[in-house]
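These are my notes from one sitting with the model. Each entry says what I looked up and what came back.

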Amino acid sequence: MKVLQDCWDDICASDCDFGMYFFKDSTATIYVHDGLDVGTEMSSLFCRRSEEGFAGHCLLVFKGVKSFEFAVRSYENNDGTIVWGERVVRRYEGQVVDGTKKYFLGGGLHGALAYVAVELDAQEFEIHLLDSDEPVNFS
């Protein structure tokens with residue numbers, strides 16, 4: 001596993017395909033299956049990437065989290081009409097008081113018809129690049 005630190009300004013996490021997440025000891029970790037916009041230069045660092053430069057099979061890790069909100073809203077296509085389900089929100093509070101930056105993420109939920117919206121206040125950000133056969137480990 002490789003770690004890229006302080007690279008938030010080099011990526012765009014607005015249309016990702018998210019997997020599970022974990023929050024512990026003021027650290028939020030979110031799995032990205034695919035769809036992370038990392039550009040062509042950074043794309044080669046990821047084991048999962050598309051021709052368009054989107055990447056996946058990585059963990060977005062936020063340290064020193066003050067607040068973390070993970071919202072999921074399911075939907076279905078009913079004869080061409082999108083029918084939205086109820087929004088389910090999970091909120092977490094960390095031990096951090098100040099020195100944080102706001103982060104916004106969005107996209108889908110891998111394996112489900114759902115929209116995900118994430119909002120965090122955290123001190124640090126890094127990406128953990130997983131090897132192609134490396135399982136997701138939240139420890």
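Is Asp6 buried or exposed? I looked this up before anything else. Asp6 is exposed, with a relative accessible area of 66%; buried means under 20%, exposed over 50%, and partly exposed in between, with a 1.4 Å probe and protein chains only. I note that this is a predicted model, in which local features need pLDDT of at least 70 and side-chain atom pairs count only at pLDDT 80 or more, while totals for chains, interfaces and linings use all residues. Residues are numbered from 1 along each chain as its sequence is written, and side-chain values use heavy atoms, with hydrogens and water left out.

**Entry: positive phi**

Asp6 is not a glycine, yet I find a positive phi of about 50° there. I place Asp6 in the loop between β1 and β2; strands are DSSP runs of E with at least two residues, helices are runs of H or I with at least four, and both are numbered from the N terminus. Ser26 is also a residue other than glycine with a positive phi, near 65°. Ser26 sits in the loop between β2 and β3. Its relative accessible area is 8%, so I list Ser26 as buried.

**Entry: nonpolar cores**

I took a nonpolar core to be a set of buried Ala, Val, Leu, Ile, Met, Phe, Trp, Tyr and Cys residues joined through side-chain atoms within 4.5 Å. Which members of the largest core touch the most other members? They are Leu36, Phe62, Leu105 and Ile127, out of 33 residues. At least two residues of this core come from each of β2 (16-24), β3 (27-34), β7 (58-78), β9 (101-109) and β10 (114-129). β10 gives the largest share, 8 residues. I also found a second, separate core of 5 residues, with Tyr31, Leu59, Leu130 and Phe138 among them. As background, nonpolar side chains in soluble globular proteins tend to be buried together.

I then listed the contacts of Leu36, where contact means heavy atoms within 4.5 Å. Neighbours within four places in sequence aside, the partners of Leu36 include Ile11, Cys16, Phe46, Phe54, Leu60 and Ile127.

**Entry: Val32**

Val32 is part of strand β3. I record Val32 as buried because its relative accessible area is 0%. With neighbours within four places in sequence left aside, Val32 is in contact with Cys16, Asp17, Phe18, Ala55, Gly56, His57, Cys58 and Leu60.

**Entry: His128**

Which side chain does the side chain of His128 meet in a polar contact? The partner is Glu126, at 2.7 Å. I used N or O atoms within 3.5 Å for a polar contact; within protein, one must be able to donate a hydrogen and the other to accept it, and residues adjacent in sequence count only if both atoms are side-chain atoms. His128 belongs to strand β10 and is buried at 14% relative accessible area. Beyond four places in sequence, I find His128 in contact with Met1, Lys2, Val3, Cys58, Leu59 and Val61.

**Entry: salt bridges**

How many salt bridges are there? I get 6, counting a side-chain nitrogen of Lys or Arg within 4 Å of a carboxyl oxygen of Asp or Glu.

Asp9 and Lys101 form one of them, at 3.7 Å from N to O. Asp9 is in the loop between β1 (2-5) and β2 and Lys101 is in strand β9, so this pair ties together parts 92 residues apart in sequence. Asp9 is exposed at 67% relative accessibility, and Lys101 is partly exposed at 36%.

Glu69 and Arg91 form another, at 2.8 Å from N to O. This pair links distant parts of the chain, with Glu69 in strand β7 and Arg91 in strand β8, 22 residues apart. Glu69 counts as buried at 18% relative accessibility, whereas Arg91 is exposed at 58%. I also note a network of salt bridges linking Glu69, Arg87 and Arg91.

Lys102 and Glu119 meet in a salt bridge at 3.0 Å, N to O. Lys102 is in strand β9 and Glu119 in strand β10, 17 residues apart.
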